[in-house]
Amino acid sequence: MAETKTDPSGARRARGRPRAWDDKSEQNTIKSLDRAMAVFEHLSTQSGVSLSALSDQLGESTATLYRILFTLETRGLVEFDQGQQLWHIGPGAFIIGARFLRRTSLVERARPILRKLMEDTGETANLGVAQGDQVLFVSQIETHANIRAFFPPGTLSPLHASGIGKALLAFMEPAQCERILSQNARERFTEYTLCDADLLKENLAKTRERGYSIDGEEKNLGMRCIAAPVFNNYGEAVAGLSVSGPTSRVSPDMVGDLAEAVRKAAAALTSALGGENPPQIPTSS
């Protein structure tokens, strides 16, 4: 019979968690592992980088970096291109990421809905979730058109400059939304980026009123995105669906029809997850 572990007060302690679980101080950090993960995360943002360039970027010695990269390479997390003498993110990173996505039925249930949304609109369909003050894109079905938006799974985009991000912000708990808006500086990407807090809040209010958000060239010039939130059974916005494409196709005249398609797709995914739209979401016409 398995031994039941208790703390000194006699209360049961969850297996796999030490007494110091809630202690997030530096003494519980494995510095070498933390340094390796910092290198790994930085490398994942590069399209290939030399050891010397990586040393300059991170301020670490080439000897230290080589040991870290060699260790990660043995796990398949990074790989070395002998011909170009460049380090890249490895296939092991994708395998681990795919295992993360299998933790939830969100991506699996969204795939047919994303495909139908792409076919109905002719534009790239995207699925994203909030990760801190950013959107993490977790799935995409690309349009067959030559000019297209491309946000591969794993791409991060600031909440304030993303259609999905603004859809999620608009339906967050007000205190959580306010905390994100007040604690993080908003980077300007184009002349249309909403960096001013009051303008952004006004935009989020419009999003709540109509049930969808619009990214009008706020992250990338020439690209427009329309997004709607997906809700769980508690009425919490847990993800967002969007269509995105060039402004030549996703024109102001097309916004109404595209928004209706996106809202219907988001409602379908909400239903597939056992969720329910909160009362303030407008019903589809």
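In the predicted model, the axes of helix 5 (residues 106-121) and helix 9 (residues 255-272) come within 10 Å and cross at roughly 160°, where axes are lines fitted to C-alpha atoms, for helices over the stretch in contact, and angles run from 0 to 180 degrees between N-to-C directions. Helix 5 is therefore roughly antiparallel to helix 9, a term used for angles over 145 degrees, while angles under 35 count as roughly parallel, 65 to 115 as roughly perpendicular and the rest as oblique. The crossing of helix 5 past helix 9 is right-handed, that is, the near helix is turned clockwise from the far one by less than a right angle. Helices (H or I, at least four residues) and strands (E, at least two) are DSSP runs, numbered from the N terminus. Because this is a predicted model, local features need pLDDT of at least 70 and side-chain atom pairs count only at pLDDT 80 or more, whereas totals for chains, interfaces and linings use all residues. Residues are numbered from 1 along each chain as its sequence is written, and side-chain values use heavy atoms, with hydrogens and water left out.

The largest pocket holds about 1,300 Å³ of space. On a 1 Å grid over the protein atoms alone, a pocket is an open set of points with protein on both sides within 12 Å along at least five of seven lines, a cavity is a set where a 1.4 Å probe fits but cannot get out, and lining residues have an atom within 4 Å of a point. Grid points are joined across faces, edges and corners, and a volume is the space filled by probe spheres set on the points. The lining of the largest pocket consists of 31 residues, with Phe40, Ser44, Ala93, Gly97 and Gly154 nearest its centre; the elements that give two or more residues to this lining are helix 1 (31-43), helix 3 (62-74), helix 4 (91-101) and strand 4 (134-141). By class, 19 of the lining residues are nonpolar, 9 polar and 3 charged, where Ala, Val, Leu, Ile, Met, Phe, Trp, Tyr, Cys and Pro count as nonpolar, Asp, Glu, Lys and Arg as charged, and the others, Gly among them, as polar.

One cavity of 30 Å³ or more is present in the structure, and the volume of the largest cavity is about 110 Å³. Its lining has 15 residues, of which Phe151, Ser162, Gly163, Asp215 and Cys225 lie nearest the centre, and helix 6 (163-170), strand 7 and strand 8 (237-246) each give two or more residues to it. Strand 7 provides the largest share of this lining, 3 residues, and by class the lining of the largest cavity has 6 nonpolar, 6 polar and 3 charged residues.

Gln85 lies in the loop between strand 1 (78-81) and strand 2 (86-89), and Glu217 in the loop between strand 6 (213-216) and strand 7 (223-231). Gln85 is partly exposed, with a relative accessible area of 44%, whereas Glu217 counts as buried at 17% relative accessibility; buried means under 20% relative accessible area, exposed over 50%, and partly exposed in between (1.4 Å probe, protein chains only). Leu136, which lies in strand 4, also counts as buried, at 13% relative accessibility.
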